[in-house]
Amino acid sequence: MCKLQSIINTLPLSDMTYNCMKPGDQSELSLWLWTRPMNKTAMSIGWHQSRRGRGHRHKEQGRANRERVVEQKAEDPVPHGTCMTMCPAYEIRQREAQNRLHRFEVVAGTERERLPPADVSRAVKEYSRPAAGKDSTRASDLRPPSVLLKTVCYLVDDIAASSTFQPWTEVYSFVFDRLRSVRQDMIIQRVSGPDCVAVLEKSVRFLLYASYRLCGQQLQYFDPRINDTHLQECLSWLLESYRDGKHQHQDEFQALSLLYNLGSSQAIQHVLELPERIRSSPAVQLALAVSRAHMERNPVRLLRLAQRLDFIQVCAVHRYLLPCRRDLLLLYSHGHSSRNCRYPLQRLARLLFLKDALAAELCQVCGVNVTEEWVNFSKSSFTDASSGDLQCRCMHEPLDDEQWNCSAGCVIHGCV
Amino acid sequence: MACVLLGQQHLCWSDVNVSQSFCCCLSRQHTRYHSCVFVEVSMAHITLNQYLQQVLEAIESRDGSFCAEMLSFKHPHVANPRLQLSSPEEKCQQLLEPPYDEMVAAHLRCTFAVSNHDFMEAYKCQTVVVQSFLKAFQAHKEENWALPIMFAVTLDLRIFANNAEQQLQSKGKGKVGDMLEKAAEQLMSCFRVCASDNRAGIDDSKKWGMLFLINQLFKIYFKINKLHLCKPLIRAIDSSNLKDEYSTAQRVTYKYYVGRKAMFDSDFKQAEEYLSFSFTHCHRSSQRNKRLILIYLLPVKMLLGHMPTPQLLQKYDLMQFTDVTKAVGEGNLLLLNEALVKHETFFIRCGIFLILEKLKIITFRNLFKKVYHLLKTHQLPLDAFLVALKMMKVEDVDIDEVQCILANLIYMGHIKGYISHQHQKLVVSKQNPFPPLSSIS
């Protein structure tokens, strides 16, 4: 890498090489991109992989090509997309011919045909891994930031929040992939600023919402770890973007990040170092209070504070609530450990913010003795085994599909 | 003779340039001190030829310390305008063999860049210095005379990375940690060369360079907040047979960082061990370093129940801890909260705010112990604790939370007893219901 740079730095720039530049020389462009230092947090796995392809071609390049690359460097080497539709034309044609269109992308009513035609107003560019020989930087294939934002809004309003598409696991899978492609376009074009922030904010909300709605689903339909990886990536990119300039929703997302990473000293330290204005906002203060209760190991307080969270905040923190409830039972098993004493089940259920029956079930799973109305705590009988059949999902607010769909659009866009 | 602080062999004349650290050899070799001043003055005016000759001689005679001074930014030669050149390559190539020619040329370019306050350029040049040095270093089979050079150039690399980042930040460009991470990668290459030196005998082994590099890497990792990267380095030292043979200074720095990492991992017993070692072995004249160590040692000790004396806090100018100490000792939650808020910025900047918050549970314990002593009974009404808390202006706690806090204290072993919800009482053991804090792991 250094060698190439030193060669390029010493090459003479002549008029001849400038005139030799052709518009089709985008491939050299990507070669040059490979040697420039990259913004690491914006890197997706796909982009790292694209480097592998570049190295192979690099060896084939002659000196003349490197000279042309110097000229490119003197101009603007960052690709700027020109595709004004949600999906580039060539991709629509290609996938249509290969019958690889998603059923959400074909003309309504033609889903069952042998080769359904594409609906240009509904086709969305899919995510594809960069590979050797494949050029991901053609301007005609890249969507500019304004189109990316419109694409995201379409995905949220017309797909994720729609009540026509069932099951929601399929909706999730489609939207997840297309959002990933949107982020990929942003990375290639080094997009930053308000459009980037808006796209990331909606992505984060979508992924948080999905993590709650699909919690407990079978692994083939929803993998919480993959969702988590992408969510963390989006969050760290978003928080990095917040460093420059003012952003309307920053306090909200700082709070969400803290809640999603409850217990992480790094996350708390980050929030403590935020400017006073953001730290003192109600959202962040509430998130800090929840975090404090978690650090002090006060589950009673934590569960009480959790009642004050709004829906998307609950989505962010929900995976910690079941362990928190079990922790309460653990602490009480030790603190109230006595053969003769009893604790009222109803009161315990209130502390756990669960219905009596569910509270009793949780006790049983944790080895806490329960009779009809009373609980007997004993430190020796508490078991730390996994909840087994009792899943996080059982403790969610029960909502039917219609209620889910109604709230989805609002939740993901972030309107109160 | 070796300097206690720097742990390196160096000629006395070079001690003069070590402006901030105290060197014990200075005080004893008074006469040599005078000749050092003479040497220092002359260093600032030599010509390029003389400089290159001196470097060549140093290399040929394998004088690592002298050569290191010739390449270090602590030495006055860097202020010599005759050496601040933008393209000294030709001259260097004439006199020096590769890769030394490249190394020295890059060093001189670096002095030029620094004279223009261009730290980005300085950093780039220093990278070349380190890379060319490494080429030479790897070729030294079964010898380690060049270790002082490695120390000097890697230290400057880290410092320039810091300065370059600051420069970029002030212009609003550049991401925090980028340059430092790259510097860390370079240091890791050096480290690998040292760690893999299995052939040489112990006196000639490059392994003596490991701890210095690790300390440099720790400084970077702590700054960019990637503490998890410290783990493989700690493992490398733990498994090394040289770990107790390195100089005290290097070991003090090492234990300081390892202690801080242990704190971060909530392993407070280990943290206390490391930080105490660091504190007691740190040279008594390094007040600044002792204070730094104390900033982290104090919270750990307090969590284990040992409160610092006011005299100690005064001696090291750490009055921020006075109120915290008083509050925890008295069980005064109100004062603790106030103290944490008052010195919030300081505590957050040092990264100890979160640990100090952990003192809350200790404060609860101390408060409840007072209640126990006041009521002189083994069956304490829960209401009494609630009243005590309200007296401490802790308003938003109700009887359920009191039970939860007590349950937590019982679970952690700070209280021996149980809560009876029906009787609304805490029943404590007749024997030692509040065991001493130091006995709780």
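1. In chain B of this predicted model, strands β2(B) and β3(B), the latter covering residues 425-428, run antiparallel and are joined by four bridges; strands here are DSSP runs of E with at least two residues, numbered from the N terminus, and two of them pair if DSSP finds at least two bridges between them. Within this pairing, Gly417(B) has Val428(B) of β3(B) as its bridge partner.

2. The open sheet to which these strands belong has three strands in the order β1-β3-β2 (chain B), with antiparallel pairing. Its edge strands, each pairing on one side only, are β1 (379-381) and β2 (417-420) of chain B.

3. Turning to the interface, the contact (heavy atoms within 4.5 Å) takes 32 residues from chain B and 36 residues from chain A. The two chains bury about 3200 Å² between them, 52% of it on carbon and sulfur atoms, where buried area is the accessible area (1.4 Å probe) lost on being put together, summed over both parts. On the side of chain B, Leu354(B), Tyr411(B) and His421(B) lose the most area to chain A, together 19% of what that side buries.

4. Nine salt bridges are counted between chain B and chain A, each defined as a side-chain nitrogen of Lys or Arg within 4 Å of a carboxyl oxygen of Asp or Glu. One of them links Asp396(B) with Arg301(A), whose closest N and O atoms are 2.6 Å apart.

5. As to conventions, residues are numbered from 1 along each chain as its sequence is written, and chains are lettered from A in the order in which they are written. Local features need pLDDT of at least 70, and side-chain atom pairs count only at pLDDT 80 or more, whereas totals for chains, interfaces and linings use all residues, and side-chain values use heavy atoms, with hydrogens and water left out.
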